[in-house]
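Q: Can you walk me through this one? I'm new to reading structures.

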Amino acid sequence: MDALRGFQTVTVPAQIPTDIPAVDLQQRFDPKDYSGSGIEGGRANGIVVSGSEVYAEALVEERPALLSAPPPEYPPLLKQAGIQGRVILRAVIDTTGRVEPASVKIMKSPNPAFDQPTRDWVVKALFRPARLHGRGVRVFINLPVDYSLTPASGSP
């Protein structure tokens, strides 16, 4: 049997075994490897094995930052009706600073008509990639996108 290392996903067996496996008391483990949180294959010191993991924003040293994006397209019917609001989306930003289109998920939206323009906007956006230990990493973000009607400057 392989030694356990780092955080691992546990799968529940379909049938519960009734025999107890032998315990090797000579087997060593490094308690520094177990922090109680992390990602599969990761280590408590933050060193990652494969490089394809997706990190939570709170776990990276440099968070991603929006560098450029066209303004999101305000749906004309919602604009005419005066409907405003904030869409919250969740997505993965890759190591080049682009959103992975398949990862985009609308978490909260004041109106379904805002959803597609928000998706279209975020895949065109360019972010500064998140960094961990000096290298770019993939990261989950929760991003608010506000749709608001502001009067033109100079109007009463």
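Q: Is asparagine 111 buried or exposed?
A: Buried. This is a predicted model, and in it asparagine 111 has a relative accessibility of 18%. The cut-off for buried is under 20%, so asparagine 111 counts as buried.

Q: Where does asparagine 111 lie?
A: In the loop between β4 (105–108) and α2 (115–124).

Q: What does asparagine 111 touch, leaving out residues up to four places away in sequence?
A: Leu78 and Ile83. There is also a polar atom of the asparagine 111 side chain that lies 2.9 Å from the backbone nitrogen of alanine 113.

Q: New topic. How many salt bridges are there?
A: Two. In one of them, the side chains of arginine 86 and aspartate 146 meet at 2.7 Å, N to O. Arginine 86 is in strand β3 and aspartate 146 is in strand β7, so this pair ties together parts 60 residues apart in sequence.

Q: And which side chain does arginine 138 meet in a salt bridge?
A: That of glutamate 100, at 2.8 Å, N to O. Arginine 138 lies in strand β7, and glutamate 100 is in the loop between β3 and β4, so the pair ties together parts 38 residues apart in sequence.

Q: Why would such side chains pair at all?
A: Side chains of opposite charge can pair when their charged atoms come close.

Q: How accessible is arginine 86?
A: Arginine 86 is partly exposed, at 44% relative accessible area. Aspartate 146 is partly exposed too, at 45%.

Q: Now the rings. How many aromatic pairs are there?
A: Three. Take tyrosine 74 and tyrosine 147: their ring centres are 5.5 Å apart and the planes stand at 90°, so this pair is edge-to-face. Tyrosine 74 is in the loop between β2 (65–68) and α1 (76–81), while tyrosine 147 is in strand β7, and they are 73 residues apart.

Q: Which residues do ring pairs link into a cluster?
A: Tyr74, Phe114 and Tyr147. Tyrosine 74 is buried, with 13% relative accessible area. Tyrosine 147 is buried as well, at 3%.

Q: What sits over the ring of phenylalanine 140?
A: The charged end of arginine 90, 4.1 Å from the ring centre.

Q: Last one. How many residues does the largest nonpolar core have?
A: It has 24 residues. Those with the most contacts inside the core are Leu89, Val99, Val122, Phe127 and Leu143.

Q: Which element gives the largest share?
A: Strand β7, with six residues. Phenylalanine 127 has contacts with residues including Ala65, Ile93 and Ile141, leaving aside neighbours within four places in sequence.

Terms used:
Residues are numbered from 1 along each chain as its sequence is written. This is a predicted model: local features need pLDDT of at least 70, side-chain atom pairs count only at pLDDT 80 or more; totals for chains, interfaces and linings use all residues. Side-chain values use heavy atoms; hydrogens and water are left out. Rings of Phe, Tyr and Trp (its six-membered ring) pair if their centres lie within 6.5 Å; planes under 30 degrees apart count as stacked, over 60 as edge-to-face and the rest as tilted. Helices (H or I, at least four residues) and strands (E, at least two) are DSSP runs, numbered from the N terminus. Buried means under 20% relative accessible area, exposed over 50%, partly exposed in between (1.4 Å probe, protein chains only). A charge sits over a ring if NZ of Lys or CZ of Arg is within 6 Å of the ring centre and within 35 degrees of the ring normal. A polar contact is a pair of N or O atoms within 3.5 Å; within protein, one must be able to donate a hydrogen and the other to accept it, and residues adjacent in sequence count only if both atoms are side-chain atoms. Contact means heavy atoms within 4.5 Å. A nonpolar core is a set of buried Ala, Val, Leu, Ile, Met, Phe, Trp, Tyr and Cys residues joined through side-chain atoms within 4.5 Å. A salt bridge is a side-chain nitrogen of Lys or Arg within 4 Å of a carboxyl oxygen of Asp or Glu.
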